[in-house]
Amino acid sequence: FHGLKMLYEGKAKKIFEKSKDEVVIYFKDDVTAFNGEKKDSISGKGKINKKISVFFFKILEEKGVPTQFIKDLDETSFVARKLDIIPLEVIVRNYTAGSFCKRYGVKKGIKLKEPIVEFSLKDDELGDPMICKNVILSLELVDGDILEKIEHYARKINEILTRLLSQSNIILVDFKLEFGVKDGNIYLADEISPDTCRFWDKNTMESLDKDVYREETGDLVERYSEFLRRIGL
Ligand code: C5P
């Protein structure tokens, strides 16, 4: 990246330092599942996820959710605010799927009576354990007012995206968010893409997300491209 210093390399992204206040987020073609046990490089994935993340971040910003996004850069990267990332994964669920089914022994695809917001501690070595609000506050991982804002924004994002996607006949099943802080303010961070969400076709219940890679039930780029087409990108 033209000599920019790499601040961080994750499983699917690299973060470069652009200036004191800005970073470049680069989307890799790498894809992993099951905490990195399964991994591949799938040509074209980074480009698609960048496009979808920018699309969602712009809409959320317009609707009053502060996001890390500043401006688009190129096919695989965008410029973003430099934040201190909060070490939590915020998961919102509307339908049962994935680890929720395993944990509670329930069938996949049941619509929940109301959306659930849950938290995991971001820690690969520990396997991102689920963590409850009491523990977050007791360990002083974040302040109470920040935690309340995180939950408020997570629910608001869920309402905005659920409504938006239903216009394309897509069910937003569940998704993962990350947040960061800068100068005491909170911002939505990272990405929102088929890597971090479950999207189902409303009629066929077919996955348009990373489950096709996890479960080896379809071609990732073909499914993600179908998602792009459906949302009009
Ligand atoms: O695995 P689980 O069912 O808990 O995942 C819930 C949602 O969060 C899924 O959409 C999944 O893609 C996303 N997720 C993620 N990164 C993780 C864990 C879950 O993007 N480390």
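I started with the salt bridges and found that the count between domain 1 and domain 2 is 6. The model I am reading is a predicted one.

I then picked out a single pair. Lys13 forms a salt bridge with Glu191. The closest N and O atoms of Lys13 and Glu191 are 2.7 Å apart. I checked this against the cut-off for a salt bridge, which is 4 Å.

Next I looked up polar contacts. Across the interface of domain 1 and domain 2, I noted 17 residue pairs in polar contact, with both residues of a pair at pLDDT 80 or more.

I wanted to know which elements of domain 1 supply the side that touches domain 2. I listed β4 (30-33), β5 (38-41), α1 (45-62) and β7 (77-81), each with at least two residues on that side. Of these, α1 gives the most, and I wrote down 9 residues for α1.

I sorted the residues on this side of domain 1 by type. They divide into 15 nonpolar, 7 polar and 9 charged.

I went back to the domain bounds. The domain assignment of the protein gives residues 5-81 to domain 1 and residues 86-219 to domain 2. I noted 17 Å as the distance between the C-alpha centres of the two domains.

Last, I looked up the extent of the interface. On the domain 1 side 31 residues are in contact with domain 2, and on the domain 2 side the number is 25.

Conventions:
Residues numbered from 1 in each chain as written. Predicted model: local features only at pLDDT ≥ 70, side-chain atom pairs only at ≥ 80, totals over all residues. Heavy atoms only, no water. Domains from an automatic or database assignment. Contact = heavy atoms within 4.5 Å. Salt bridge = Lys/Arg side-chain N within 4 Å of Asp/Glu carboxyl O. Polar contact = N/O pair within 3.5 Å; in protein donor to acceptor, adjacent residues only side chain to side chain. Helix = DSSP H or I, 4+ residues; strand = E, 2+ residues; numbered from the N terminus. Nonpolar A, V, L, I, M, F, W, Y, C, P; charged D, E, K, R; others polar.
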